[in-house]
Amino acid sequence: MEILGIDIGGTGIKGALVDIKTGKLTTNKHRIPTPNPATPESVASTIQELVNHFNWKGLVGCGFPTPLQHGKCLTGGNLHEDWKNTQVDTLFKAKTGNDFSVVNDADAAGLAEINFGAGKDVKGTVIMITLGTGIGSGLFLDGKLIPNTEFGHVLYKNGEIFEKYASDSARKRDGLTRKEWGKRLNKYFNHINLLVSPDLIIVGGGASKKFEKFETKINVGVKIVPAKAENEAGIIGAAMAAKYQIK
Ligand code: BGC
């Protein structure tokens, strides 16, 4: 069974058809830059463009970069303040005519890794951390998702959240080398380990492709591995969440 998986990020909106049984993409990825400003109306138009690109009439699973409850966005996050309280699945369905299932992007990436990737058959507590424009998290216990954790919003210092200090966009903003960034990530992962004592941390988002460039700076008393599906985990997991209607 195929579902169109879409991953909405701060800089790009990416989609592909996903085979739900194997967790593999069955088409090439298609990426459209995230509109600026990323208002509900402009993002909905980009979603329509993606759906048209694949000429897709079926169910769409969408990873969304904010906490959500039952398809409703709880904060505008890194997109736009107008998203707050928007029923995202209803908006996208009204625009495209397709049925939509919307989940948090990091929860989606985690679902892909737990089912097909680095977290497969891992018992206990597994945390997926995605490093991109923001820092997202997905928390799993014995393979089951505990949705909407926001571990990127853990406070770092002076009321500042870790996302502002250690995300990939913070690396770019501050002109850090991967090794310098790795030192910041080391602080972050140590803090997460202290708070949750997980059995495994999986690192996803664009950064997972360059994991070996900062890995040497990470020294935490827990296994940390890159996502197997790298940056595609968000697309795969969004499609899976739609299939199982995880909201
Ligand atoms: C949001 C999370 C999201 C993460 C990654 C954060 O700013 O609060 O919900 O998962 O960015 O996109």
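This report describes the core, the charged groups and selected backbone features of a predicted model.

## Basis of the model

The model is predicted: local features need pLDDT of at least 70, side-chain atom pairs count only at pLDDT 80 or more, and totals for chains, interfaces and linings use all residues. Residues are numbered from 1 along each chain as its sequence is written, and side-chain values use heavy atoms, with hydrogens and water left out.

## Nonpolar core

The largest nonpolar core comprises 28 residues. Such a core is a set of buried Ala, Val, Leu, Ile, Met, Phe, Trp, Tyr and Cys residues joined through side-chain atoms within 4.5 Å. Here buried denotes under 20% relative accessible area, exposed over 50%, and partly exposed the range in between (1.4 Å probe, protein chains only). Val126, Phe140, Ile202 and Ile236 have the most contacts inside this core. Two or more residues each are supplied by β2 (12-19), α3 (105-116), β9 (125-131), β14 (200-204) and α8 (233-243). Of these elements, α8 gives the most, with eight residues. Helices (H or I, at least four residues) and strands (E, at least two) are DSSP runs, numbered from the N terminus.

Phe140 belongs to strand β10 (residues 135-141). Its relative accessibility is 1%, so Phe140 counts as buried. Between Phe140 and Val122 there are 9.8 Å in space, C-alpha to C-alpha, and the two are 18 residues apart in sequence.

## Salt bridges

The structure contains nine salt bridges, each defined by a side-chain nitrogen of Lys or Arg within 4 Å of a carboxyl oxygen of Asp or Glu. One of them joins the side chains of Lys29 and Glu232, at 3.9 Å from N to O. This pair links distant parts of the chain, 203 residues apart: Lys29 is in the loop between β3 (24-25) and β4 (30-33), and Glu232 is in the loop between β15 (223-226) and α8. Both partners are partly exposed, Lys29 at 37% relative accessibility and Glu232 with a relative accessible area of 28%.

Helix α5 (residues 168-173) contains both Asp168 and Arg171, which are three residues apart, about one turn of the helix. These two residues form a salt bridge in which the closest N and O atoms are 2.7 Å apart. Asp168 also meets Lys172 in a salt bridge, at 3.7 Å from N to O. Asp168 and Lys172 are separated by about one helical turn because they are four residues apart in helix α5. Asp168 is buried at 9% relative accessibility, whereas Lys172 is exposed, with a relative accessible area of 56%. Arg171, like Asp168, is buried.

## Positive surface patch

A patch of positive charge on the surface gathers Lys179, Lys183, Lys209, Lys210, Lys213 and Lys217. Patches are made of residues with over 30% relative accessible area and no salt bridge; like charges are joined within 9 Å, and nonpolar side chains (Val, Leu, Ile, Met, Phe, Trp, Tyr) within 5 Å. Accessible areas come from the Shrake-Rupley method with a 1.4 Å probe. Lys and Arg count as positive and Asp and Glu as negative, while His and the chain ends are not counted. The place of a charge is taken as NZ of Lys, CZ of Arg, CG of Asp or CD of Glu.

Among the patch members, Lys179 is located in helix α6 (residues 178-196). The relative accessible area of Lys179 is 42%, so this residue is partly exposed.

## Backbone features

Asn36 and Pro37 are joined by a cis peptide bond, with omega of about 0°. Pro37 is situated in the loop between β4 and α1 (40-53). Asn85 has a phi of about 70° and lies in the loop between β7 (72-73) and α2 (88-96). For Asp121, phi is near 60°; this residue is found in the loop between α3 and β9. Asp121 counts as exposed, at 67% relative accessibility.

## A residue of strand β2

Gly12 is placed in strand β2 and is buried, with a relative accessible area of 4%. Gly12 and Ile224 are 212 residues apart along the chain, and their C-alpha atoms are separated by 26 Å.
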